[in-house]
Amino acid sequence: MKAVLYEKFEQAPKVVSLPDPTPEPHGVVIKVEATGVCRSDWHGWMGHDSDIDLPHVPGHELAGVISAVGKAVTRWRVGDRVTVPFIAGCGSCSECHAGHQQVCAQQEQPGFTYWGSFAEYVAVHQADLNLVALPDSMDFATAASLGCRFATSFRAVVDQGKVGAGQWVAVHGCGGVGLSAVMIANAVGANVVAIDLDEDKLAMAKQLGAAAVVNGGDVADVPEAVLDLTRGGAHVSLDALGHQVTCFNSILNLRPRGKHVQVGLMAGDHADPQVPMGKVIAKELEILGSHGMQAHRYGAMLDMIGSGKLDPQLLVGDQISLEDAPEALMNMDKFQAVGATVITKF
C-alpha cells in the first residue's frame, strides 16, 4: 500500500510503499477513503507524543470501508462503511466496563500508538467495541472529521460542558475543533462568542451561528471583551486551540461557577500552562478535560446530523491527495485554512 512515513521527528515525511496490514482476531482492516490532517498529527510529527515509535505512519481522523475482518469479530462485515474514534478502548478495564473508553488506560490510537490512516489501508483494534457505522447519505470527507475534531467537540460541549439553552459559551480558537464547537453549542441553544486572530475564521464562526466574535489582535484584553459581551462572563468556555494564552484567557472570562473545558491538546512548549488559581477558588470555577468521545455516544451526534441540526460538511476545507499530505502536515503550525484539510485521493 501507499502511505506517508517519517523516520525521524521533524524530518520531512515521504510517500512510500509498505506492506498491507492484516486484521488481528478482534480487529478489522479499513480501506481508507478519507482522512483528516489534524493539529494532533503535527504534534506527533514534532515528537510531542511519547507513544510514537519510529518509523511512523500518522493519521487518526478516518473513514472508509472494511476490507478484512478478524475471526473474533461478530458485528462487522467486509463492505461496511465505518469510522472509528481516535481512541480505541481495550474492552477489558474498569473504565471500558463503565463506558468510558475515551480514558481507557490500555487505549490504542491509530496514528499514535500504531500506524495510522495516512495510507491506503489501516488496521483497527477491538472492532466490535470501537467501530461506528456511517449513514449511507454521508460522504467520506465529512465522515472523517467524526473520528476526532467534530466528535471531540461534541463531547466537550454536550457531555463535559453540559451546555444548555440560553447560556453564554466562549470558544477560544476557531480551527477545526473550535468551529465544530461553535456549531454544536449553537445547535443546543447557546449564545456563542468565538475568539480568534483570523478574520476569515471569525467570519466562518458567524456563519455557523456565533452571536459575537472577538479578534484577539484587535482588543487590549480578551477576557474583558468576553466579560463585556456576555454581561458578566461565559457560563462555559473552551480552549479549542491548546495554547497557554488561550487556556489562561478561557478561565479568566468565566462568570462565577462557570466551567472551563480544555479540549485543545496541550503539548510541547504549552504542556504546563499557568492557571489563575486565585480566580478558580474565588469564583468556584470548574476546570474540565475532554478527550475524544466513545463509540457508543456517536448515536446522539449522528441523530442531530441526520435531523439537520448539525452539518459537519460545512467544515470540510481543502481536499488533497496523499502526495500532498507531507507538506500539509509540516505546515500545520504555520498555516491552517478555514475548514478541515482532508486527504481524499490515494
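Tutor: A helix here is a DSSP run of H or I, at least four residues in length, and helices are numbered from the N terminus. The model is predicted. With that definition, helix H6 covers residues 176-187.

Student: How far apart should the ends of H6 be, and how far apart are they?

Tutor: The expected span of a helix is 1.5 Å times one less than its number of residues. H6 has twelve residues, so it should span 16 Å, and its end C-alpha atoms are 17 Å apart, which agrees.

Student: How many residues of H6 are buried?

Tutor: Buried means under 20% relative accessible area. Ten of the twelve residues of H6 are buried, so the helix is largely enclosed by the rest of the structure. Among the buried residues are Val177, Leu179, Ser180, Met183 and Ile184.

Student: What covers the buried residues of H6?

Tutor: The cover includes helices H5 (149-160) and H7 (199-207). It also includes strands E8 (168-172), E9 (191-196) and E11 (234-239).

Student: Is Asn215 buried or exposed?

Tutor: Asn215, in strand E10 (residues 212-215), has a relative accessible area of 11%, so it is buried. Its side chain reaches the backbone nitrogen of Gly217 at 2.8 Å. Leaving out residues up to four places away in sequence, Asn215 touches Asp196, Leu197, Glu199 and Leu202.

Student: How does Gln244 count at 29% relative accessibility?

Tutor: The cut-offs are under 20% for buried and over 50% for exposed, with partly exposed in between. At 29%, Gln244 therefore counts as partly exposed. Gln244 lies in helix H9 (residues 244-252).

Student: Which residues is Gln244 in contact with, leaving aside neighbours within four places in sequence?

Tutor: Gln244 contacts Met266, Asp269, His270, Asp272, Pro273 and Gln274. Gln274 is 30 residues away from Gln244 along the chain, yet their C-alpha atoms are separated by 6.8 Å.

Student: How many cavities of 30 Å³ or more does a search of the whole structure find?

Tutor: Rolling a probe the size of a water molecule over the atoms shows where empty space is left. In this structure, the search finds one cavity of 30 Å³ or more. The largest cavity holds about 60 Å³ of space. H5 and strand E15 (340-345) are the elements that give two or more residues to its lining.

Student: Which residues line the largest cavity?

Tutor: The lining includes Arg149, Phe150, Ser180, Ala340 and Val342. By type, the lining residues divide into seven nonpolar, two polar and one charged. Ser180 is also one of the buried residues of H6.

Definitions and conventions
Residues are numbered from 1 along each chain as its sequence is written. This is a predicted model: local features need pLDDT of at least 70, side-chain atom pairs count only at pLDDT 80 or more; totals for chains, interfaces and linings use all residues. Side-chain values use heavy atoms; hydrogens and water are left out. Buried means under 20% relative accessible area, exposed over 50%, partly exposed in between (1.4 Å probe, protein chains only). Contact means heavy atoms within 4.5 Å. A polar contact is a pair of N or O atoms within 3.5 Å; within protein, one must be able to donate a hydrogen and the other to accept it, and residues adjacent in sequence count only if both atoms are side-chain atoms. On a 1 Å grid over the protein atoms alone, a cavity is a set of points where a 1.4 Å probe fits but cannot get out, and a pocket is an open set with protein on both sides within 12 Å along at least five of seven lines; lining residues have an atom within 4 Å of a point. Grid points are joined across faces, edges and corners, and a volume is the space filled by probe spheres set on the points. Ala, Val, Leu, Ile, Met, Phe, Trp, Tyr, Cys and Pro count as nonpolar, Asp, Glu, Lys and Arg as charged, and the others, Gly among them, as polar.
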